[in-house]
Amino acid sequence: MTAVRARRALVIDTPPTSNGDLHVGHLAGPFLAADVHARYLRSVGREVVFSTGTDDSQTYVLASARRNGLTPEELSGRSWQQIRRTLLDMGMSLDGFAPYDDRYRASVLDFVNALHAKGKFRLRTVALPYSERTGEFLVEGLVCGDCPVCLVRSRGGLCESCGHPNNFDELLNPRSTVDPEDAVTAREAEILVLPMEEYREELTEYYRQRESRLRPHTVQLVREVLSRPLPDFPITYPISWGIPAPFPETPGQVLNAWVEGIPAVMYCTGYAAEQLGETHAADDELWRAEHDAEVIYFIGFDNVYFWGLTHVALLMAHEGRYVLPEAIISNEFYELENEKFSTSLGHVVHSKDLLTEVSRDLIRFYLAVSAPEHQQTNFGRDALAKVTGDRLVDPWNRLAGLLGASVAGAGLDSVPLPVSTAAKERARIVLARFRTCYESESYSLTRAGTLIVDQLARLGRAAAALPESTVDKERLGDLFFEVRTLLTAAAPILIDLAEAAGVGHRFTVDGDTVTAFALPLLERAVVR
């Protein structure tokens, strides 16, 4: 009987805006979660393409550059290098970090031109915020105001608090993000839009099939959005920053940066596959329906509307050409010392700075156990030192000391030790629990981190109960076997510890014997 080949997984870490380096808050959200999932999938034998790039066309790049006296090209180019370095230093196992280049732009234009040729866009006259002083339209990151849905302060395009869109002139009390004293009015413009209401039935069915796999806040947002008329999604804007729109109806306009999202990640996937040695005719090849790939998004809640609704609608508009995302794994905001991360106010911890004080395994572990999966959580330097020290470093080092002493005292360094049937069953149970944490249907970094703590405590108790005067080879063999199992299961998070211990990359542990191995020690975090 021929085995059924598992579907290839396309793990998508939604491209970050290139208006600065990544801070710890970014990593605690989609980045670490996506990396752990990709590592796990590879360890169970799945074919994976894990990719990202940067989102250079966002107006947030333009706004940040103006505030810092830079050109947007200077800022985005510098940020691309910083972000790439940070992801590498934190051990993100990306198959490709795609550049923002002519190939990127060509991929985007191919995607939107095909939709334009099919007549999927509509010309609309809309009112947009307008700067009377500079004579330019203010959209997305160039304008802020109060959200018309929840009244919380929001930047244009999308509310970070409730997740609802605020297109066109919907923001209350609009203000410029570059010059708050600027007089902001509204002025009409003709732009192209995607009529989202035409995709209501398809979107409703899409979410009916996937709702059970979504996190509660995402479910709430989708239900709220679908309970009211779906607003048109802007395809073009009459501004200067971005990819020039190729449509005759909107001369001089650019593409809305959010339109680029889907063709951008297709391009990132194609680029990453190329780094793996593959050759494809087009950058969207692996996304085409005939290949039946499993697309898995990792995304912050504040971007769910765009990635989960407008982008899915853009895929649907291609009439079956592409697969749709199988899983959308969202996260909430991560605070720093109980206040929001703010680069502009200097309230930020960059990973590159933290790595000079703490090993990346401890950072990854702490971000896992404190991950903002269902609600806002908090990063604290003192908490990092205490949590990693008390729950990981000290218990692990005690276990390493106990096992090392037992082996050295009995001269068992290279002697095969027997493994009992009971130990194999316990190992099977542990791997099954970690699988539940790592599979997309029930994904949880927090539960995986907690499981490491609980299993480490269990094994520590077993090691402490070893007899001092005699050598029980079976109990010692069982312990080494189960420690190896724990390292195998924790390897997607504790990447350096697993490698130092010589644990392989297969998510399985078997055999009737085990050879004792040295357990590398961990250093406690000393944060400033």
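1. Where is T54 placed in relation to strand 2 and helix 2? In this predicted model, T54 sits in the loop that runs between strand 2 (48-52) and helix 2 (59-67).

2. T54 counts as buried because its relative accessibility is 5%, and buried means under 20%. Its side chain forms a polar contact of 2.7 Å with the side chain of D56. When neighbours within four places in sequence are set aside, the residues in contact with T54 are P15, P16, S18, W80, I83, F97, A98 and Y100.

3. With a relative accessible area of 34%, T71 is partly exposed.

4. The pairing of helix 12 (residues 421-438) with helix 14 (residues 473-490) is described next. Their axes come within 10 Å and cross at roughly 10°. Helix 12 and helix 14 are therefore roughly parallel to each other, since angles under 35 degrees count as such.

5. The contact between these two helices can be listed by residue. Helix 12 contributes A423, K424, R426, A427, V430, L431, F434 and Y438, which meet D478, F481, E482, T485, L486, A489 and A490 of helix 14. By class, the residues of this contact comprise 10 nonpolar, 1 polar and 4 charged.

Note on methods
Residues are numbered from 1 along each chain as its sequence is written. This is a predicted model: local features need pLDDT of at least 70, side-chain atom pairs count only at pLDDT 80 or more; totals for chains, interfaces and linings use all residues. Side-chain values use heavy atoms; hydrogens and water are left out. Helices (H or I, at least four residues) and strands (E, at least two) are DSSP runs, numbered from the N terminus. Buried means under 20% relative accessible area, exposed over 50%, partly exposed in between (1.4 Å probe, protein chains only). A polar contact is a pair of N or O atoms within 3.5 Å; within protein, one must be able to donate a hydrogen and the other to accept it, and residues adjacent in sequence count only if both atoms are side-chain atoms. Contact means heavy atoms within 4.5 Å. Axes are lines fitted to C-alpha atoms, for helices over the stretch in contact, and angles run from 0 to 180 degrees between N-to-C directions. Angles under 35 degrees count as roughly parallel, over 145 as roughly antiparallel, 65 to 115 as roughly perpendicular and the rest as oblique. Ala, Val, Leu, Ile, Met, Phe, Trp, Tyr, Cys and Pro count as nonpolar, Asp, Glu, Lys and Arg as charged, and the others, Gly among them, as polar.
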